[in-house]
Amino acid sequence: MSSGNVNVLLVHGAWADGSSWSKVIRQLAADGIAVSAPSLPLTSFDDDVAALERALERMSGPLVLAGHAYAGAVIAATRSDKVKALVYVAALAPDEGEAVADVFYRAEPDPRAPKLAPDGHGLIYLPDTAFGAAFAQDATAEDMAVLAGVQRPISPACITAPVPRPLWKERPTWFLVAEQDRMIGEESQRFMAARMGAQVRSRAVDHMPMVTAPTLVLEVLHEAIAAARAG
């Protein structure tokens, strides 16, 4: 499948890095699509947006910008004219003036979700048991070991800063609702997707579908790529 001149930039969420998109990257590259998955510093919301802007500068032509979980807020903060469509994968979408924490905590958490608190350095890590209990319960043992091994902590400064006017108000947007998500509940995802006016695709997948159901994520990305190419 050719993407014409539409490229893809994939942005990871908290406790992850760009490698969380590896299965999707491999298939997009096989389809002849130029793809990048930069790692965010996860040190503050402004730092993460700056890292995204640097990644966008390095890519040419129109592109589809996708974000998972926390990165939903980050991808909406750019004003790059290169971005022709947005894809949210079980992602958080605060509105203007809201913070990530406002939408993350809007509903009662799943009882299997981990209790989150900063450590002695002011950083939030996932407990080891959370990867199998809530973060990626459908992952293979091998994939789960990789996710746990590469986890990167997130600073509270990432989730407490109010966000600017989000780009999803001005671009076509797709939202993959993860119905079995134990980190960001289905109810919250549907609330955000409806508020955004996104095109919703919903499946019984966990919080990490790019790892556990990459074909589904690719289907949504290709829908957005086709729309960007057409228009």
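Mentor: Let's start with a word we'll need: two residues are in contact when they have heavy atoms within 4.5 Å of each other. And keep in mind that this is a predicted model.

Trainee: Is Ile75 buried or exposed?

Mentor: Buried means under 20% relative accessible area. Ile75 has 0%, so it counts as buried.

Trainee: Tyr88 was on that contact list. Where does Tyr88 lie?

Mentor: Tyr88 lies in strand β4, residues 83–89. It also takes us to aromatic pairs: a search of the whole structure finds four of them. To read such a pair, look at the ring centres and at the angle between the planes; planes under 30 degrees apart count as stacked and over 60 as edge-to-face. Tyr88 and Phe175 have ring centres 5.9 Å apart and planes at 15 degrees, so this pair is stacked.

Trainee: What does the Tyr88 and Phe175 pair tie together?

Mentor: Parts that are 87 residues apart in sequence, because Tyr88 belongs to β4 while Phe175 belongs to strand β5, residues 173–178. Tyr88 is buried, at 0% relative accessibility, and Phe175 is buried at 0% too.

Trainee: And which residues form an aromatic pair that is edge-to-face?

Mentor: Phe131 and Phe135 do, with 5.3 Å centre to centre and 75 degrees between the planes. Both sit in helix α5, residues 130–135, and they are four residues apart, which means about one helical turn separates them. Phe131 is buried and Phe135 is buried as well. Ring pairs also bring in Trp15, which forms a cluster with Phe131 and Phe135.

Trainee: How do I compare separation along the chain with separation in space?

Mentor: Gly132 and Pro172 are 40 residues apart in sequence, with 34 Å between their C-alpha atoms. Ile75 and Phe135 are 60 residues apart along the chain, and their C-alpha atoms are separated by 21 Å. Now take Ser80 and Glu57: 23 residues apart in sequence, and 8.9 Å from C-alpha to C-alpha.

Trainee: Where is Ser80, then?

Mentor: In the loop between α3 and β4. Ser80 is buried, with a relative accessible area of 14%, and it touches Leu56 and Arg171 once residues up to four places away in sequence are set aside.

Trainee: Next, helices that pack. How are two packed helices described?

Mentor: By the angle between their axes and the distance between the axes.

Trainee: Which residues make the contact between α1 and α10?

Mentor: On α1, Lys23, Val24, Gln27 and Leu28; on α10, Pro214, Val217, Leu218, Leu221, His222 and Ile225.

Trainee: What lies over the face of Phe191?

Mentor: Arg106, at 3.8 Å from the ring centre. Arg106 turns up again beside Ser188: setting aside neighbours within four places in sequence, Ser188 is in contact with Val103, Arg106 and Ala107. Ser188 is in helix α8, residues 186–196, and counts as buried at 3% relative accessibility.

Trainee: Last topic: backbone angles. What is phi like at Leu42?

Mentor: Leu42 has a positive phi of about 60 degrees although it is not a glycine. Leu42 is found in the loop between β2 (35–36) and α2 (45–57), and is buried with a relative accessible area of 1%. Have a look at Ala69 as well: not a glycine, yet its phi is positive, at about 55 degrees. Ala69 is in the loop between β3 (63–68) and α3 (71–75), and at 5% relative accessibility Ala69 counts as buried.

How values were computed. Residues numbered from 1 in each chain as written. Predicted model: local features only at pLDDT ≥ 70, side-chain atom pairs only at ≥ 80, totals over all residues. Heavy atoms only, no water. Phe/Tyr/Trp six-rings, centres within 6.5 Å; stacked < 30°, edge-to-face > 60°. Helix = DSSP H or I, 4+ residues; strand = E, 2+ residues; numbered from the N terminus. Buried < 20%, exposed > 50% of the residue type's maximum accessible area, 1.4 Å probe, protein only. Lys NZ or Arg CZ within 6 Å of the ring centre and 35° of its normal.
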